[in-house]
Amino acid sequence: MCGAFLVQEHVIQSLSAFGAACSWQQGQFEFGDIYPSQQAIVIDRNVHQQFNANLYTFGYPYLYQGKKKLIINARSETIAQKPLFRHALQNHRAVVICSGFYEWDLYKQKVFFDQDQPFYLAAIVIDNSFVILTQEANESVLPIHSRMPVIFNVQQAKQWLSDDQNIFDLLQQNNPLLNVHQAFQQISLF
């Protein structure tokens, strides 16, 4: 699962690998921790098949028993079977550029996962919102959570965006090992 991630200013340099045109002004996006219902930098393709960097909202809104909810993640293993996601998987794949992501351990402590450089989370876009794809956790994340986002390097991200034939192969690749940091240490005063 991926319920929050970090976007630091240095990730902007990574956009040059895509030659992506930015559809937003720098003052429109606030760098830092991104939570559901906030905007993030998402790379996708326009109708001319060119890469674009857009601001989309994290989480797809839907009504459940009369209450508004957000879908923030989708299982990569079953995404093609879900009617809500099927069209987006074929036509609106995207990647979310980030510095790292967070999970919470059993004690509700925030744990941060990163690499030495920015990386890309597999996503789909539905109505100006995005959903992050997840897979079973690798050995870096498994002690904290059973699922993690599908992570791509630049080459894999470009394939994900451009290559309609190999999307399921990309989703089945093993995620890289990550650095693990305890983000906050709660101290008891009693």
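Modeller: Start with β5, which 2 bridges join to strand β11 (residues 129-136); the two run parallel. Phe58 has Phe130 in β11 as its bridge partner. This is a predicted model: local features need pLDDT of at least 70, side-chain atom pairs count only at pLDDT 80 or more, and totals for chains, interfaces and linings use all residues. Residues are numbered from 1 along each chain as its sequence is written, and side-chain values use heavy atoms, with hydrogens and water left out.

Biologist: What makes two strands a pair?

Modeller: Two strands pair if DSSP finds at least two bridges between them. Strands are DSSP runs (E, at least two residues), numbered from the N terminus. Strand β4 (residues 39-45) runs antiparallel to β5, joined by 7 bridges. There, Val42 is partnered with Asn54 of β5. Strand β2 (residues 21-22) runs parallel to β5, with 2 bridges. Cys22 has Ala53 in β5 as its bridge partner.

Biologist: Is β5 largely enclosed or largely open?

Modeller: Buried means under 20% relative accessible area, exposed over 50% (1.4 Å probe, protein chains only). In strand β5 (residues 51-58), 7 of the 8 residues are buried, so the strand is largely enclosed by the rest of the structure.

Terms used. Helices (H or I, at least four residues) and strands (E, at least two) are DSSP runs, numbered from the N terminus.
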